[in-house]
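I am keeping short notes on what I look up in this structure. They follow the order in which I went through it.

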Amino acid sequence: MDTVSFVQELEAFKAERLSPIVGAGQLSLADGAHGDGKKMLQVALANEISVSELAAAWMPSVPQIDVKIALARQAGDEAGHFQLVADRLAALGFDIAEFQGAAENPLFAYMKSLSGTVERIAAGLFTLESIAYVVNENFMAFCGRRGDAETVRIYREYIQPDERAHQQLGQRLLAKYAITTELQQAAKEAVIKVLEIATATRAQAAARMGTACFPGC
Ligand SMILES: [Fe+2]
Ligand SMILES: [Fe+2]
């Protein structure tokens with residue numbers, strides 16, 4: 001398949017598989033948006049640092065220079081998001097020195113196991129960043145209902161534009177590098193796997209936190 005049609009099809013497939021994740025958050029919102037906003041921002045901290053570390057870990061072993069630079073810039077952007085969220089938490093009275101770092105997580109364990117450039121683009125920029133964007137929208141709605149306009153502003157003005165740009169970069173890089181049937185198959189498998197693991201881990205975390213509105217990276 002030509003790469004443009006391939007990416008279009010994969011986009012449609014991804015959107016369909018994202019809908020249960022979006023729906024779970026909307027259900028929590030409709031249910032009255034219970035949950036602890038500060039705990040949810042700590043989830044954001046863990047996710048932002050994990051994805052920054054992942055992009056940084058992938059960067060040296062990717063031979064394609066444009067992908068290498070994309071990963072390096074993403075690592076920096078996600079570190080910036082970490083700092084924005086950390087500053088917000090500090091303003092809300094959370095001592096950032098208490099942050100323990102991100103716990104082992106099956107999603108990042110799977111992502112770290114990927115060695116091919118196309119799988120990494122498909123799993124990371126293309127899929128994980130799309131998940132981040134849609135779950136952050138639900139988190140912003142949650143914060144809005146709580147009257148936390150400042151957190152909403154930080155996500156609207158800084159974090160979400162980056163997450164969208166990461167996802168669009170993933171589309172462009174896939175269209176450039178997923179040029180054979182084998183590579184397209186590998187990309188699709190990575191997309192399926194990331195969505196599968198993310199759907200399961202988010203459902204577990206939602207049960208623990210009492211809400212599915214917590215943010216992504
Ligand atoms: Fe991102
Ligand atoms: Fe981020």
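Entry 1, the end of α3. I looked at what comes after helix α3 and found G93, whose phi is positive, near 95°. The model is a predicted one, and I read each value below as computed from it.

I then checked the length of α3. Its 27 residues should span 39 Å at 1.5 Å a residue, and its end C-alpha atoms are 39 Å apart, so the two agree. I listed the buried residues of α3 next: V67, A70, L71, Q74, D77, E78, H81, F82, V85, R88 and L89. What do the buried residues of α3 pack against? I found α2 (37-58), α5 and α6. I noted the spacing rule beside the list: an α-helix has 3.6 residues a turn, so residues three or four places apart point the same way.

I placed F94 in the loop between α3 (65-91) and α4. Leaving aside neighbours within four places in sequence, I found F94 in contact with K38 and L89. L89 is also among the buried residues of α3.

I took helix α5 (residues 117-145) together with helix α6 (residues 149-177). Their axes come within 8 Å and cross at roughly 155°. That angle makes α5 roughly antiparallel to α6, because it is over 145 degrees. I recorded the crossing as left-handed. By class, the residues of this contact are 16 nonpolar, 10 polar and 4 charged.

I picked one residue of helix α6, Y155. Y155 is buried, because 23 other C-beta atoms lie within 10 Å. Not counting residues up to four places away in sequence, Y155 touches N136, M140 and Q160. I also noted that the C-alpha atoms of Y155 and Y133, 22 residues apart along the chain, are separated by 9.9 Å.

I moved on to the loop between α6 and α7, where A178 lies. I counted A178 as buried, since it has 26 other C-beta atoms within 10 Å. Which residues does A178 touch, not counting those up to four places away in sequence? I wrote down T3, F6, V118, L183, Q184 and A187. For V118 I looked up the separation as well: its C-alpha atom is 6.2 Å from that of A178, although the two are 60 residues apart along the chain.

Helix α7 (residues 181-209) has 29 residues. From its first C-alpha to its last it reaches 41 Å, close to the 42 Å expected at 1.5 Å a residue. I found Q184, A187, A190, V191, V194, L195, A198 and R202 buried in α7. These buried residues pack against α1 (3-30), α4 (106-112), α5 and α6. After α7 I found G210, with a positive phi near 80°.

The axes of α1 and α7 come within 10 Å and cross at roughly 5°. That makes α1 roughly parallel to α7, because the angle is under 35 degrees. On the α1 side I listed F6, L10, K14, R17, P20, I21 and A24; on the α7 side, Q184, A187, K188, V191, L195, A198, T199, R202 and A206. By class I noted 10 nonpolar, 2 polar and 4 charged residues in this contact.

How do the axes of α5 and α7 cross? I found that they come within 8 Å and cross at roughly 40°, so α5 and α7 are oblique to each other. The crossing of α5 and α7 is right-handed. From α5, residues V118, E119, A122, A123, F126, T127, L128 and I131 meet L183, A186, A187, A190, V191, V194, L195 and A198 of α7.

Methods
Residues numbered from 1 in each chain as written. Chains lettered and ligands numbered in written order. Predicted model: local features only at pLDDT ≥ 70, side-chain atom pairs only at ≥ 80, totals over all residues. Axes fitted to C-alpha atoms, helices over the stretch in contact; angles between N-to-C directions. Helix = DSSP H or I, 4+ residues; strand = E, 2+ residues; numbered from the N terminus. Parallel < 35°, antiparallel > 145°, perpendicular 65-115°, else oblique. Left-handed = near helix turned anticlockwise from the far one by under 90°. Nonpolar A, V, L, I, M, F, W, Y, C, P; charged D, E, K, R; others polar. Expected span 1.5 Å × (residues − 1). Buried ≥ 20, exposed ≤ 12 C-beta atoms within 10 Å, placed from the backbone. Contact = placed C-beta atoms within 7 Å.
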